[in-house]
Amino acid sequence: PGHRRAGSAAGAAAAPRYGVVVTGGGHAGTEAAAAAARGGARTLLLTHKIGTIGEMSCNPSFGGIGKGHLLRELDALDGLCGRVCDRSGVHYKVLNRCKGPAVWGLRAQIDRGRYKENMQKEILNTPLLTVHEASVEDLLLTEPEPDHPGKCQVTGVVLGDGSTIHAGSVILTTGTFLRGMVLIGLEMHPAGRLGDQPAIGLAQTLEKLGFTVGRLKTGTPPRLAKDTIDFSGLEERAADNPPVPFSFLSEAVWIKPEDQLSCYLTRTTLKAQQIIRDNLHLNNHIRETTRGPRYCPSLESKVLRFPNREHQVWLEPEGLESNVIYPQGMSMTLPPELQEQVIKSIPGLEKAKMLQPGYGVQYDFLDPRQLAASLESRLVQRLFFAGQINGTTGYEEAAAQGVIAGINACLRVHGKPPFIVSRTEGYVGVLIDDLTTLGTSEPYRMFTSRVEFRMSLRPDNADARLTHRGFEEAGCVSQQRYEQARKMRAALEDGIATLKSLQFSISRWSQLIPEVPISSSRRSPASAFDILQYPEANMEVLARAVPEPLGKLAQWRELAERLKIEATYEWCVVNQQQEIEEVRRDEALRLPEDLDYFAIDASLSAEVREKLDSNRPQTIGAVSRIPGITPAAIVNLLRFVKTNHQKTEKLKALPQTGKYLPGKMYSEKATSQRQISAEFSEEEPESTFVKTPL
Amino acid sequence: MALRRALSAAGRRWAQRLCSAARGDTIFAVSSGHGRCGVAVIRTSGPGSRGALQSLTGRPELPPPRILALRRIRDPATAEPLDRGLVVWFPGPRSFTGEDCAELHVHGGPAVVSGVLRALGRLPGLRPAEPGEFTRRAFRRGKLDLTAAEGLGDLIRAETEAQRRQALRQMEGELGRLYQRWSETLTQALAHLEAYIDFSEDDNVEEEVLSQVDATVRALEQEIGAHLRDGRRGELLRGGVRAVIAGPPNVGKSSLLNLLCQRPAAIVSPVAGTTRDVVEVALNVGGYPLVLSDTAGLRDATDPVEQEGVSRARDRLRQADLVLAVLDAAAVPTEPAGLGAALGSLLPPATPCILVLNKADLLRGGGGALRDACARGDPLPPATLLSCKTGEGLNHLLELLARQLARLCGDPLAGSPSLTQSRHSLHLGDCAAALARYGRERRRDLGLAAERLRLARRHLGRITGHVGAEDVLDIIFRDFCVGK
């Protein structure tokens, strides 16, 4: 076949060879390339333009609720964007401050120019990582390896000029560029992003290989000139002081707290609604049926679905020196002159100048159920996918997949087992499991509500969950970060042990810290860790009352804060531990990846076989999350796993997840945990946590 | 009274200590037949088995492993005696599941069984087993060999199917509608709270959403609490295997009912479509409880009253544990394949069935071919020729019926109302407890409060069905205009 170009002897002899080749320089591509290089693979990053590496194509912000969790996790794996954000932000704010640390959303407005500059600096200075400007048109393929699923394997890429590059693994992170189409009003032209060419040859190659392709849409708002906006009547939102950094490595962010910029809030009026309603016939993007995100809707769809009300518009700065304002909430695809009318109907924007119109993008994505949890495709060996091409939306979702794909592409080259983050270990695990098990019909965004073990998977403990594994199994974490995480973990364990061993009677505690309203019906004695659970208590209060041995714990501010959080969630985390272990046991029961569900000799209905075949679950755990799979089918599959025990044995030994589960911290050190958790529920016996349904 | 309270508090603490000493949860279920059987066996598996046995027998020492011992069984919460029965202690790994197991052989009456189940459910760390859970645990510990596991899927399918039918029956009535309403209320409250967590600051999810959730949760908690305290427990469910007589009009279904209950319970006439509503009688066949329903003949009726009757008949069929399919012997194909097809068009798939070929007295030449087809069985279900008029074939039918009932009653889950009721009240109790805790956590940490709602939702989901993250997101995007 035409795309099998590996046979050309002349090309093969002259072609350069890399461990990992990454196509695409967006958030997924940069993280993937850097992670592969950190892991020790000679890596090549191919992008249309080096100048657009680190481009933030849409909103000038990173993080948020759920997304902040992802950022923390990819930082714990030594990913780039957390660190780069700490050097590029102009407005840092922790969302959900009053709702509890498990759902805090670290977020920042980012200076676009600085981010790009800092990201390019990182990428261009990463050892083992080379960057070339080129487009990828085709893949080099050869016979598949016998021990893996897949009908062929990739051995390299063919560039736009016809030259070839050989690679041990290839990662595609083409974002919205696969048959990308930009829409403004009734106009439509091929582009991945306004002004950039789409990838069509590659889209054809993937389709020829038999990948199932779907189509999604997204959009971006117009941009406004800051000096034409009247901020005087608008609601101001100031940044946090002090700002909280994203990275576990950053002591502080680069900007002085007082130099941070503010955001402003304004609202649409009924006039805007009128303009949109009157001109629906001029709006192709809205009329099309392609699925867009439910949660990041265009102003048009907001007005249509929730009529006759004001809709929020946040005016966000794009940079310290930039004159551009990003009106979040105003994504539109109307013809530009009508967009201007809508803009001028909004308070504060009456005289605003539109620098660039909003537009919609429609693009191809690949059904992510065609991927393993390592993000390697099941169809073509050694070919990995990450980012929007897998049906996600958002920088953080893309970057998180990039890190995982980069790590696994590198491990694959080194012949090592894949690095899988379980749903019980991280948001990134939930993200990838949801995608690869259930697929998606709209751009997938991270929400905390998707996460079963939200109390355990917190922004504060991402390092405790992932850094050790990243260092030991993936080799993608620097020695410095590893040491730091180890130190913190040891300090936390010691701190918790110290707090638990410090026991006084309730009346003594009430004397020592009268500001904490300790219930007199609680069982005596209570440990300092129990007392720390009270909302009014913190390490400072405790240390004032009992300077020895608590004084030194309270002095280390970060440790003190983390101890307080551990105390707050101890009950919940310990109780969820059992459920977590249940999920993990099911995840350890792996199904062979090349299983032919229509042929296997197990008592399964045709409907169940079809579901299993299209979802291709990798573990019994994943099977149980597919809607409509019966307990009987699960047991029949279990039997199958057992019959094929020999074959799955070596696979089963691979993932080492769970060693660093947050709950383990308590169970190993503290013997009295059960009593404590029972005691905390003073009035009635503790209800048991229900395990996930069979 | 005070003494009793003190005793019960002490008992609870003791039970708590006993059961929480080990890790992992412990499951329990009735593992014998139901109904008026002499002895019911209740089995537990998991680390809490030891504590459960100690609490229920009120003795710290366990009987020697794998040896039956006679014990007084009491409710540890109230110290109330429940029964005197035999108990067995199977320390792991030498047990059915490989875990610590205990068995309580108690008197089979529904009151005793549900009393013991309720007492077990109140122990910390114990919960009712899910379908197939005992076998799954055994599987995990390598306690089932492959031949044993072979039939496992089918077994669990049968269990699940029985539970589905049972759930369907309960969801029909008042009680079902009540549970369904609670489920919707709770799911919406959870979705709104999740929306408040995931969106409020950037978007239009207002503070007042939260106070609405608070009020909803408070009201729901009170309502469930009141329901649990209500001794009547809603509808009374009648025990027994639910058998439905079904078939085309005028084949003698009502005559069969009257014959079986030996009284004219249903009106019979030569006019097709006489029976409009469902007629129900309780019988005892071979010692097994049986609730027999006569239904309207299945045909495309034009009369609205008959249409309703046919639709009720079809509802009953879907919920049936056993179907007595009646056909006119003189009007059916005589070869098995044709008979099977006639039957297949009548029945929901996978329901146990007995084929009754009525009006045998009208057959010319004794109906030799039909008799052969009935005797051969496969692919037909157990079948018999019968004449309701002469009574010929009745003994054979009763024999078949008793055999089917024995099989069905051996299935511990088929239609046992006491078991279902105690399951329901356990889950509702846990749900209400989680809702109560929501109120307390609300002031401390919204994440923890949401966790309580999720837990409450999961408990209720054990009765009304699982609700996933996508369902919650659907409500969020339906009710709020969120996004950038």
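## The open sheet of chain B

Six strands of chain B build an open sheet, ordered β3-β4-β5-β2-β1-β6. The pairing in this sheet is mixed. The model is predicted. Two strands form the edges: β3 (69-75) and β6 (126-128) of chain B. Each of these edge strands pairs on one side only. Neighbouring strands of the sheet are turned against each other by 35° on average, direction ignored.

One pairing within chain B can be followed in detail. Strand β4 (residues 80-90) and strand β5 (residues 101-107) of chain B run antiparallel and are joined by 5 bridges. V87(B) stands opposite L104(B) of β5(B).

## A buried strand in chain A

In β19(A), Y359(A), V361(A), Y363(A) and F365(A) point one way. G360(A), Q362(A), D364(A) and L366(A) point the other way. Both sets are buried.

## Partners of β19(A)

Which strands pair with β19(A)? One is strand β10 (residues 181-184) of chain A, antiparallel to β19(A) over 3 bridges. Here M181(A) has Q362(A) as its bridge partner.

Another is strand β12 (residues 213-220) of chain A. β12(A) also pairs with β19(A) in the antiparallel sense, over 8 bridges. In β19(A), D364(A) lies opposite R215(A).

## A helix crossing in chain A

Two packed helices are described by the angle between their axes and the distance between the axes. Helix α14 (residues 479-501) and helix α19 (residues 557-588) of chain A have axes that come within 10 Å. These axes cross at roughly 60°. That angle makes α14(A) oblique to α19(A). The crossing of the two helices is right-handed.

Which residues make the contact between α14(A) and α19(A)? From α14(A) come M488(A), A491(A), L492(A), G495(A), I496(A), L499(A) and K500(A). From α19(A) come E558(A), L559(A), R562(A), L563(A), E566(A) and E570(A). By type, the contact residues divide into 7 nonpolar, 1 polar and 5 charged.

Notes
Residues numbered from 1 in each chain as written. Chains lettered and ligands numbered in written order. Predicted model: local features only at pLDDT ≥ 70, side-chain atom pairs only at ≥ 80, totals over all residues. Heavy atoms only, no water. Axes fitted to C-alpha atoms, helices over the stretch in contact; angles between N-to-C directions. Helix = DSSP H or I, 4+ residues; strand = E, 2+ residues; numbered from the N terminus. Parallel < 35°, antiparallel > 145°, perpendicular 65-115°, else oblique. Left-handed = near helix turned anticlockwise from the far one by under 90°. Contact = heavy atoms within 4.5 Å. Nonpolar A, V, L, I, M, F, W, Y, C, P; charged D, E, K, R; others polar. Buried < 20%, exposed > 50% of the residue type's maximum accessible area, 1.4 Å probe, protein only. Pairing = 2+ DSSP bridges.
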